[in-house]
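Please look over the sequence and the fold shown below before reading on.

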Amino acid sequence: MTMSAGWYLRRLSRMGPSEIGGRAVDAARRRRWRSARPACPVTRGARFTAVLPAGTLAAVPPDAAKRLIAEADRLMTGHVAYFGVDRDDLIDPDWSYDPKTGRRAPGGHAFDVPYRDEDAVGDIKQIWELSRHQYLTVLACAYALTGDERYAERVAEHLRSWWAANAPLRGVHWISGIELGIRLLSWVWVRRLLDGWPGAAALFENNPVAVDQIWHHQRWLAAFPSRGSSANNHVIAEAAGQAAAACAFDWFDASARWRADALRSLDRQLRANTFPSGLNRELASEYHGLVLELGLAAVAEADAADVPVPATVRLVLLRMTDALAAVVDGRLRPPRQGDADDGHGLVLDGAGTDRWASLLATGDAVFGRLAWWPRVTGTDVRTPLLAALIRPYAEAGAAPALTRPASRPGHFADAGMTILRGPAGIWCRCDGGPHGFLSIAAHAHADALSVEVRHDGVDVLADPGTYCYHGQPAWRRYFRSTLGHNTLQLDGADQSESGGPFLWTRHTRTRVLAADTSGRDVARWCAEHDGYRPSVHRRRVELTAASRELRITDEVRGPRRDARLAFHLGPAITADLAGNRARLTWTRDGEERSAVLDLPERLDWRAHRGESDPPLGWYSAGFGRRQPATTLIGTGPTDGGREFTTLLTFHDQGGARG
């Protein structure tokens with residue numbers, strides 16, 4: 001996908017004067033950097049002291065260690081999978097190769113690589129992911145747990161290969177700050193986990209090539225921060241990686257300045273990216289997880305180096321952890337809201353480890369769990385390692401006074417998110433929040449007033465997900481569209497207006513009119529949005545515990561419009577549609593479950609599944625992966641204010657988690 005002149009004009013229109021000025025400075029600096037690459041300052045006596053405290057590895061649960069080692073052994077055979085694509089070339093990888101398209105990214109100066117053009121470069125996500133080197137942290141961790149030098153030697157081979165193939169400012173891996181930041185964080189942990197290996201110092205601090213790479217990564221991050229309308233999760237990754245490297249690799253004259261600047265940026269940007277309630281302002285759940293991981297990793301490095309951390313950094317991370325505990329369902333799954341690209345901040349675990357349980361376990365170790373937090377039964381490697389480095393919140397000093405929620409919050413007014421809960425694990429997310437973050441709302445979907453409903457962790461009315469970013473514009477449009485969510489579309493248009501794959505030029509305004517999650521027999525929510533001016537779409541949702549019924553009432557105030565009401569079913573759900581009634585069945589833990597969905601009679605209902613032209617009836621469980629799922633679409637006129645009522649009734653089944 002190449003960007004047109006119109007896209008650049010639309011993108012420019014979403015910037016303020018300060019951002020435009022900053023980008024002009026960046027452009028001038030790039031021109032200067034082309035002429036000559038400065039030499040890394042000579043370092044003498046560099047040492048790595050940010051090691052794990054004695055006994056830390058003994059605290060790793062055996063089952064978590066077993067999963068990690070199994071993952072490392074698979075990597076040693078050359079096999080890895082990213083975004084639905086299996087690759088078997090990890091013995092000696094080509095760092096510029098995209099296994100999805102078979103293309104190689106061109107070399108040359110980094111600033112000249114057209115990374116958005118899949119025809120010229122390949123799928124940039126596929127190329128970048130391997131070079132985050134998070135699989136190397138897994139291999140290094142396997143060495144730390146087993147002492148088997150095969151893992152350490154493979155890490156060393158790959159790092160030397162990468163450094164040789166990716167000289168500073170050359171090629172595709174020197175374009176995006178988030179990639180440099182996460183890569184630095186991985187290198188810090190690789191060095192830490194290889195500390196008992198005799199070749200560790202020769203690979204890092206005594207290796208001029210490694211020192212040169214680390215210095216140039218930090219110089220790049222100091223020079224080109226994400227700015228203005230792009231200062232979302234990317235700027236957090238940049239600051240976290242810079243802070244981590246400047247703490248752990250404190251080898252340069254500029255290290256103290258880089259460290260101080262990065263921690264100030266992390267403090268400022270964490271507060272800017274997070275609602276006071278603790279939810280991430282991008283309103284994309286996976287980015288909440290990414291930012292929380294990055295923040296915790298940065299604090300771990302500062303604490304390990306005995307570097308003061310702004311108290312508000314810990315405070316925001318605490319609020320984010322409490323918010324995560326509040327919104328997950330009974331199986332510890334968070335909402336599937338907004339974009340998701342399987343991005344992680346720090347990977348120290350094998351396949352099968354629950355990411356969200358891991359974050360809550362770390363939160364318990366660092367901040368202390370509250371009585372209403374859900375129970376975490378899974379284990380992980382990362383928690384005991386991070387907890388060994390991070391000072392407990394109560395002991396960190398200068399922590400601001402904070403009153404944590406006495407009971408589980410259900411309504412987050414600033415984020416416009418409401419969670420209704422019922423018996424037998426009924427969980428319903430109602431979306432009445434702003435349309436994303438900053439002027440471009442890069443990771444937002446046109447999903448105002450959408451609902452997401454689960455029963456004991458199974459998606460019943462599902463958010464279909466994200467699937468892709470670049471290279472497949474029709475699929476990108478579908479998964480972020482209004483029709484691609486459980487809400488009402490009018491006249492075939494989205495509620496908000498898209499100007500590109502990460503750009504919204506007109507944002508729907510939504511307001512919550514009522515939210516009652518107090519735990520009484522009926523939980524209620526009501527909100528409206530103005531995305532179809534002059535019409536207003538208002539939706540009411542009521543969850544009745546005794547009858548296990550979820551009632552959704554849609555009303556359109558304004559002139560007669562052509563409506564399409566969508567309900568996307570999860571991939572585990574089988575639907576038998578007859579007229580305006582759909583019988584839903586699925587299996588959970590070997591038990592048959594069922595529900596009935598009574599749909600508005602005044603609409604003409606059709607079931608769609610796995611259609612491609614145009615896309616309709618799909619579910620994406622993770623980035624790059626999609627599978628057919630049933631979508632029910634009702635079409636008809638709005639008829640001047642008459643209501644559409646949908647009733648979802650769950651049949652009485654026990655044994656579900658609340």
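## A buried arginine

R331 counts as buried, because its relative accessibility is 16% and buried means under 20% relative accessible area, with a 1.4 Å probe and protein chains only. R331 is placed in the loop between helix 14 (311-327) and helix 15 (355-367), where helices are DSSP runs of H or I with at least four residues, numbered from the N terminus. The side chain of R331 is joined to that of D589 by a polar contact of 2.7 Å; such a contact is a pair of N or O atoms within 3.5 Å, of which, within protein, one must be able to donate a hydrogen and the other to accept it, while residues adjacent in sequence count only if both atoms are side-chain atoms.

## Basis of the values

This is a predicted model, in which local features need pLDDT of at least 70 and side-chain atom pairs count only at pLDDT 80 or more, whereas totals for chains, interfaces and linings use all residues. Residues are numbered from 1 along each chain as its sequence is written, and side-chain values use heavy atoms, leaving out hydrogens and water.

## The chain as a whole

Of the 658 residues of the chain, 59% count as buried. Among contacts (heavy atoms within 4.5 Å) between residues at least 6 apart in sequence, 72% join residues at least 24 apart. Taken along the principal axes, the C-alpha atoms fill a box of roughly 75 × 55 × 50 Å.

## Around F249

Setting aside neighbours within four places in sequence, F249 is in contact with F48, W187, V188, R191, F204, I214, A244 and S255.

Conventions: Helix = DSSP H or I, 4+ residues; strand = E, 2+ residues; numbered from the N terminus. Buried < 20%, exposed > 50% of the residue type's maximum accessible area, 1.4 Å probe, protein only.
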